[in-house]
Amino acid sequence: MPLTPATLDASATSAEPTATSARTPAASAHAYDTGLLLLRVVLGLTIAAHGSQKLFGWFGGLGLDGIGAAFTGMGYPAGRTMAAVAGTTEMLGGLGLVLGLITPLAGAAVFGTMVNAVVVDASGGFFLPKGVEYAFLLAAGAAALALTGPGRYAVDRMLPGLRAHRLAHGAAALLIGAVLAAATLLTRH
């Protein structure tokens with residue numbers, strides 16, 4: 001029997017140990033969904049706040065003019081426009097993750113934006129203060145959420161087409177995010 005949240009929940013409450021449950025203790029479906037909720041909320045709020053720094057200058061951010069100048073300095077054309085696109089993608093993708101709303105696309109949006117950040121900052125090495133570890137971690141978390149789905153505690157569970165998350169949805173969304181990230185990177189000079 002494949003391990004799914006439903007079978008994990010059933011095996012955790014079963015009186016007789018199965019071959020799987022005798023070897024390793026299974027997490028309940030509620031634990032799985034609660035863990036996904038925690039990851040979605042923390043990652044989503046973090047990236048949404050990051051986007052609001054770009055768009056509105058909140059939380060000590062530079063706003064569109066300051067970030068636009070930075071984007072121009074990184075070789076992007078129309079730096080202010082690119083800053084608006086990045087900020088909007090981060091804010092909407094982050095809020096989508098928090099709510100569990102269209103989670104594959106929300107995760108892919110954050111993933112694609114962070115791929116750009118990793119590539120642009122790669123010359124600083126992996127570790128901070130000039131490295132890419134933070135952006136890499138955000139990209140990996142967003143990709144994981146796109147692939148796993150939001151769990152039970154999400155708006156997607158109320159939407160007929162997204163109620164049953166499919167790995168294929170997440171993989172397709174990440175492919176779109178990667179292609180758009182690559183296209184954006186190709187605009188740099």
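Predicted model: local features only at pLDDT ≥ 70, side-chain atom pairs only at ≥ 80, totals over all residues.
## Helices α3 and α7

From α3 come Tyr32, Leu36, Leu39, Arg40, Leu43, Thr46 and Ile47. From α7 come Tyr134, Leu138, Gly141, Ala142, Leu145 and Thr148. By class, this contact splits into nine nonpolar residues, three polar and one charged.

Helix α3 covers residues 29-56, and helix α7 covers residues 133-148. Their axes lie 11 Å apart, at an angle of about 135 degrees. Angles over 145 degrees count as roughly antiparallel, so α3 is classed as oblique to α7. The crossing of the pair is left-handed.

## Helices α3 and α5

Helix α3 also packs on α5. Here the angle is about 155 degrees, and the axes are 7 Å apart. The two helices are therefore roughly antiparallel to each other. α3 passes α5 in a left-handed crossing. The contact of α3 with α5 holds 15 nonpolar, seven polar and three charged residues.

## Helices α6 and α8

Helix α6 spans residues 103-121 and helix α8 spans residues 167-186. They pack at an angle of about 35 degrees, with an axis separation of 8 Å. This crossing is right-handed.

On the α6 side, the contact is made by Pro104, Leu105, Ala108, Phe111, Gly112, Val115, Asn116, Val119 and Val120. On the α8 side, the partners are His169, Gly170, Ala173, Leu174, Gly177, Ala178, Ala181, Thr184 and Leu185. The α6 contact with α8 counts 12 nonpolar and six polar residues, with no charged residue.

## The largest pocket

Which helices each supply at least two residues of the lining? They are α3, α4 (63-73), α5 (79-99), α6, α7 and α8. Helix α6 gives the most, with 10 residues. Sorted by class, the lining has 22 nonpolar residues, nine polar and five charged.

## Backbone details in the loops

Two loop residues deserve a look. Where is the cis peptide bond? It joins Leu128 and Pro129, with omega at about 25 degrees. Pro129 sits in the loop between α6 and α7.

Phe59 is not a glycine, yet its phi is positive, at about 55 degrees. Phe59 belongs to the loop between α3 and α4.

Definitions and conventions: Residues numbered from 1 in each chain as written. Heavy atoms only, no water. Axes fitted to C-alpha atoms, helices over the stretch in contact; angles between N-to-C directions. Helix = DSSP H or I, 4+ residues; strand = E, 2+ residues; numbered from the N terminus. Left-handed = near helix turned anticlockwise from the far one by under 90°. Contact = heavy atoms within 4.5 Å. Nonpolar A, V, L, I, M, F, W, Y, C, P; charged D, E, K, R; others polar. Parallel < 35°, antiparallel > 145°, perpendicular 65-115°, else oblique.
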